[in-house]
Amino acid sequence: MIKTKALRQEQIEKSRLVIRHDAFSASFTPDFTPKFIAGADVGFEESGTVTRAAIAVLQYPSLELVEYQIARIDTVLPYIPGLLSFREYPALMAAWQKLSLRPDLVMVDGQGIAHPRRFGVASHFGVLADIPTIGVAKSRLCGEHARVGEIQGSRQPLMDHGEQIGVVLRSKKRCNPLYISLGHKVSIDSAVFWVEQCIRGYKLPEPIRWADGIASNRPFFKQTMQKNL
DNA sequence: GCGACAG
DNA sequence: ATCTTGTCGC
């Protein structure tokens with residue numbers, strides 16, 4: 001039996017710890033520019049019994065891969081809409097602890113505060129790892145928004161009960177838009193800004209695209225992976 | 001009661 | 001998420 005009630009309550013309590021403004025490093029300044037931006041992705045293997053997390057660290061602004069780590073652990077929870085973070089953050093933390101570099105910012109595949117209780121996986125991971133995070137999801141969990149323009153760069157605010165919880169961005173023409181929300185220690189404006197700075201002709205920002213590619217062993221990434229590292 | 005519902 | 005080839009559209 002899964003105590004969904006208690007998990008939801010935990011989200012409500014921990015969501016108070018989310019910092020919704022820019023608070024990068026100790027040397028934070030208004031014109032702060034990150035040196036390393038990471039991307040995180042979670043997948044499943046062995047019929048879902050194994051949870052696999054991959055984190056790719058890219059140098060900014062060149063966006064070249066400088067490090068990556070993969071962690072595999074036993075799956076602890078089935079997928080339940082709204083409770084995704086409890087299923088994914090253990091593996092994310094495992095991969096995180098293997099990292100030798102300390103990224104300035106992490107983009108996570110999933111929602112940040114664009115969540116019923118304002119505590120999606122990007123926020124959950126950000127708070128526990130105490131690192132600035134941005135939620136980049138490929139589809140909507142909650143909230144409403146006007147139709148997004150077809151041209152690249154078009155955007156619409158994602159609203160929920162009168163509150164803006166994110167931005168829906170057309171990162172690439174003819175592709176479904178991205179649902180961007182702040183995860184932790186990054187303002188919504190900065191979240192969208194950094195995602196756009198990491199777009200290189202593909203729908204997904206490079207950090208997440210790399211985390212995705214590395215985790216799934218796709219030939220191109222595997223090749224560049226060894227050549228670069 | 002019915003529909004929605006990140007990955 | 002994952003199982004998977006070809007195929008429609010720009």
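Guide: Strand β2 (residues 50-59) and β3 pair in the antiparallel sense over nine bridges. Please note that the model is predicted.

Visitor: Why are β2 and β3 called paired strands?

Guide: Pairing requires at least two bridges between two strands. Nine bridges link β2 and β3, and therefore the two count as paired. As one instance, Ala-56 has Tyr-68 in β3 as its bridge partner.

Visitor: What makes β3 and β6 edge strands?

Guide: The open sheet has eight strands in the order β3-β2-β1-β4-β5-β8-β7-β6, with mixed pairing. Both β3 (65-74) and β6 (155-160) pair on one side only, and each is an edge strand. On average, neighbouring strands of this sheet are turned by 25° against each other, direction ignored.

Visitor: Which strands does helix α2 lie across?

Guide: Helix α2 (residues 84-98) lies across β1 (36-45), β2, β3 and β4 (105-109), and runs at about 135° to β3. Helix α5 (residues 206-215) lies across β1, β2, β3, β4 and β5 (133-137), running at about 135° to β2.

Visitor: What makes a group of residues a nonpolar core?

Guide: Its members are buried nonpolar residues joined through side-chain atoms within 4.5 Å, and buried means under 20% relative accessible area. The largest such core has 36 residues, of which Met-107, Ile-134, Ile-180 and Val-195 touch the most other members. Helix α4 (188-197) gives the most to this core, with five residues.

Visitor: Which residues does Ile-134 touch?

Guide: Among them are Met-107, Ile-180, Trp-194 and Val-195, not counting residues up to four places away in sequence. A second, separate core of 21 residues includes Ala-38, Ala-40, Leu-92 and Val-121.

Notes:
Residues numbered from 1 in each chain as written. Chains lettered and ligands numbered in written order. Predicted model: local features only at pLDDT ≥ 70, side-chain atom pairs only at ≥ 80, totals over all residues. Heavy atoms only, no water. Helix = DSSP H or I, 4+ residues; strand = E, 2+ residues; numbered from the N terminus. Axes fitted to C-alpha atoms, helices over the stretch in contact; angles between N-to-C directions. Contact = heavy atoms within 4.5 Å. Buried < 20%, exposed > 50% of the residue type's maximum accessible area, 1.4 Å probe, protein only.
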